[in-house]
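Trainee: Could you go through the strands of this one with me? I keep mixing up the terms.

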Amino acid sequence: MEKLIETEDLYTNFFTFEGVVRALNGVSVVVNQGETYGLVGESGCGKSVTVRSMMRIVQEPGKIVGGKILLFLSSEDRQKGIDIIKRSEAFMESIRGDDISMIFQEASTSLNPVLSIRDQVGESFLLHRRGELLEETLKQLADELKSNGFPLAMAWKGFQRWLFRRELESLRRYEKHVKEIDRELYELEEKTDPRSTRRKSSLNARRDRLSEHDFLVSAVKKSPFLERYYKKIHKIVENKIIELLKSLGVPNPANVLKSYPHELSGGMQQRIVIAIALACNPTLLIADEPTSNLDVTIQAQIIELIKMLKENIITSVLFITHDLGLVAEVCERVTVMYAGDTCETTSVKELFKNPLHPYTKGLLSSVPRIEQVEKLHTIPGTVPNLINPPAGCRFHPRCPSAMKICAERKPPMVEYKEGHTVSCHLYPGEEV
Ligand SMILES: Nc1ncnc2c1ncn2[C@@H]1O[C@H](COP(=O)(O)OP(=O)(O)OP(=O)(O)O)[C@@H](O)[C@H]1O
Ligand code: SF4
Ligand SMILES: [Mg+2]
């Protein structure tokens, strides 16, 4: 399988007043092209911080302090990947949404309460698929201009076409420049000599300064009467939103468009959040606990929806949950996390059949079974405070198999067998 995104020994800290929260302690995960990959672990183990780091949207006072995040989006990047930690913010803006979209934990808080659903989903279309929309608008205008109409109306359409063309040309010019800069940065990535370093910072600064907007079109968009010309594209966007909402099982989408988040149920809000993520046409969809706070029937519907999207629309899904049942239902491969560490990565089948890490074993034996008569197993102790995490293996104070070395040395990640890696001193092997 080809990689899509990889974190290599990733460290993220939060510099708070109480001290440094060491949230990620060398996290290494890989999401491959075409797979549904799960990230599972107790609350506070660093699932959200891992994916926020991947998108470089860690909230203040958080900071990525070590490691690499490699992206393998195009065939040209496959060789070594693009290390996005080294790239400019403008580069990240072009990745977010366009290539990687995220459904945030708690739909209700990720929607803007003062904007209608049309504005929120529409913004996603206009930001990330402007080229496609402009082409469609121009095609429509070309057809309309072929027919006969009032000279004034035709002149207005001609003016609209001129403006849309200008906007599209400016966007394509911008995309071309950006591509050239990104290619040169990719070639220079490994080089650390002073000349290459200077060139890299000048390229990053140039990329940040580039604008995709045409000054004249921007001025027209701000002028009181002429700005109406843009309604044409809004109409196209509206039709696309209706189509998208229909495909996500939203009943009566034309009405839902006009509503505000507080007028919708939790399940419907979650569908809108999914629509915003999908409007960008991403390669990777990150779903951060997309069913928390939903009742079980709505949960089942959202899970079915994500499975359907994976089959038909999106290439890869990174699914975050603390529910092992959902992992079994949705994912193909999974990583178990504990207190900012990656414990074990394998296929879902293997995880349930042959768990290796004592924490994974503890998690699995805490899942209630129908035939169970004895008391439900729990993992003794609590998740450690990450300002002062235990030395060595962070799980050692709770681990039934802990040894002396566990409190002294962090276990390396080793390949136990093909496709099954584990980080625990009980399993010596070749470090990966
Ligand atoms: N803004 C912040 N400031 C300080 N610490 C933070 C912040 N955000 C996260 N953390 C800390 O980082 C660690 C990992 O948090 P994270 O949100 O990734 O957990 P999670 O696995 O997603 O948990 P949950 O299942 O509850 O969503 C936690 O110890 C948390 O306290
Ligand atoms: S390294 Fe030691 S403490 Fe950690 S999980 Fe393995 S046996 Fe337990
Ligand atoms: Mg979380």
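Mentor: Start with the open sheet of eight strands, in the order β6-β7-β8-β3-β9-β10-β12-β11, with mixed pairing. This is a predicted model, where local features need pLDDT of at least 70, side-chain atom pairs count only at pLDDT 80 or more, and totals for chains, interfaces and linings use all residues. Residues are numbered from 1 along each chain as its sequence is written, while chains are lettered from A and ligands numbered from 1 in the order in which they are written.

Trainee: What makes β6 and β11 edge strands?

Mentor: β6 (100–103) and β11 (413–417) each pair on one side only. Strands here are DSSP runs of E, at least two residues, numbered from the N terminus; helices are runs of H or I, at least four residues.

Trainee: Why do β3 and β9 count as paired?

Mentor: Two strands pair if DSSP finds at least two bridges between them. Four bridges join β3 (residues 36–40) to β9 (residues 333–338), so they pair, and they run parallel. In β9, V334 is the bridge partner of G38.

Trainee: And why do β4 and β5 count as paired?

Mentor: β4 (residues 62–71) and β5 have two bridges, so they meet the cut-off of at least two, and the sense is antiparallel. L70 stands opposite D83 in β5.

Trainee: Which sheet holds β4 and β5?

Mentor: An open one of four strands, ordered β2-β1-β4-β5, with antiparallel pairing. Its edge strands are β2 (20–32) and β5 (82–83), as each pairs on one side only.
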